[in-house]
Amino acid sequence: MKVTYFPGCTLRNKAKDLDAYARRSALALGIELVEPDNWQCCGGVFTTSRDEVATKLSSVRALIAARDRGEPLVSVCSACHNVIKQTNYQIRTDSEFSQKVNCYLAQEAEPTEYHGETEVYHFLELLRDKVGFDKLKASVKNPLTGRKIAAYYGCLLLRPSKAMQFDDPENPKIIEDFIRALGAEPVIYPARNECCGGYIALENSENAARRSNAVSQSAVLHGADTIVTVCPLCRYNLVKSGSPIPVVYFTELLAEALGVKEDSDD
């Protein structure tokens, strides 16, 4: 299986593990990750202003690259996925926004149009919907037996639910199903889809730390020995705020279970 892979900026520096383990795991599962040529930052956040178009064009170009290859567009960073998925959704559902995007595209060196043709997947969705968790389970070489792992979803995978369509925003289960496929026991706890405070860390670090601590303490109180996340900002915030248990990327768990984990320089 070949997919267009959008790594995003953070995976080039602070979140190298998230990228490296994704690549190793994909190879082990027979998935070829192919980056778009000359990709640029997705924009970091999805600006909800309807007349703001320019910061979304890099996501549109990545979507076009995948369409032209006849492949889905896949990401592992929850922030990148949120921006790209919302951009694609807005193009599909908002004719005024779509028209403005295509006015920009008409001025490119090689003019083109885009109308939301590309299918967008988070790597977890690719595992669930294309590979299948049953096949993933059968591919596990080192089952994570005995581990009690708390899934931390954060905000960006689940919301806004109409655009993201990732899972039930109030009671998601995809990461728990992923954990089971790797042989570990998922820990269900109340704060698993609450905000860690990442986006207010600079203006109100005390409140951000309080929110992060509430997440990690909730996981510990319910018996978790590890927290697994998909978001570089969430991981940074949880670790910086002093999580009493390890916080790891989902791709690290995947690589470990598939027997392809190696030391990283992240």
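This report walks through a few local features of one predicted protein model.

## Ground rules

Because the model is predicted, local features need pLDDT of at least 70 and side-chain atom pairs count only at pLDDT 80 or more, while totals for chains, interfaces and linings use all residues. Residues are numbered from 1 along each chain as its sequence is written, and side-chain values use heavy atoms, with hydrogens and water left out.

## Helix 2

Helix 2 covers residues 57-69, which is 13 residues. Helices (H or I, at least four residues) and strands (E, at least two) are DSSP runs, numbered from the N terminus. From first C-alpha to last, helix 2 reaches 18 Å, close to the 18 Å expected at 1.5 Å a residue. The expected span is 1.5 Å times one less than the number of residues. Just after helix 2 comes Gly-70, with a positive phi of about 70 degrees.

Several residues of helix 2 are buried, among them Leu-57, Val-60, Leu-63 and Ile-64. Buried means under 20% relative accessible area, exposed over 50%, and partly exposed in between (1.4 Å probe, protein chains only). The buried residues of helix 2 pack against strand 1 (2-5), strand 3 (73-75), helix 3 (78-93), helix 4 (95-105) and strand 4 (120-122).

## The largest pocket

The largest pocket holds about 400 Å³ of space. Of its 15 lining residues, the closest to the centre are Asp-37, Arg-61, Ile-64, Ala-65 and Glu-108. A pocket is an open set of points on a 1 Å grid over the protein atoms alone, where a 1.4 Å probe fits, with protein on both sides within 12 Å along at least five of seven lines; lining residues have an atom within 4 Å of a point. Grid points are joined across faces, edges and corners, and the volume is the space filled by probe spheres set on the points.

Helix 2 gives the largest share of the lining, six residues. By class, the lining has six nonpolar, four polar and five charged residues. Ala, Val, Leu, Ile, Met, Phe, Trp, Tyr, Cys and Pro count as nonpolar; Asp, Glu, Lys and Arg count as charged; the others, Gly among them, count as polar.

## Asn-102

Asn-102 is found in helix 4. Asn-102 is buried, at 11% relative accessible area. Its side chain reaches the backbone oxygen of Ser-98 at 2.9 Å. The side chain of Asn-102 also reaches the backbone nitrogen of Tyr-114, at 2.8 Å.

Leaving aside neighbours within four places in sequence, Asn-102 is in contact (heavy atoms within 4.5 Å) with Thr-112, Glu-113, Tyr-114 and His-115.

## Backbone exceptions

Most residues other than glycine have a negative phi, and most peptide bonds are trans. Asn-38 has a positive phi, near 55 degrees. Asn-38 lies in the loop between strand 2 (32-34) and helix 2, and is exposed at 75% relative accessible area. Gln-165 has a positive phi of about 50 degrees. Its place is the loop between helix 7 and helix 8 (174-181), and Gln-165 counts as exposed at 57%.

A cis peptide bond joins Arg-159 and Pro-160, with omega about -5 degrees. Pro-160 sits in the loop between strand 5 (148-152) and helix 7 (161-164).

## Pro-186

Pro-186 is in strand 6, residues 185-187. Pro-186 is buried, with a relative accessible area of 13%. Not counting residues up to four places away in sequence, Pro-186 touches Ile-149, Glu-176, Ile-179 and Arg-180. Pro-186 and Pro-36 are 150 residues apart in sequence and 35 Å apart in space, C-alpha to C-alpha.

Note on methods
A polar contact is a pair of N or O atoms within 3.5 Å; within protein, one must be able to donate a hydrogen and the other to accept it, and residues adjacent in sequence count only if both atoms are side-chain atoms.
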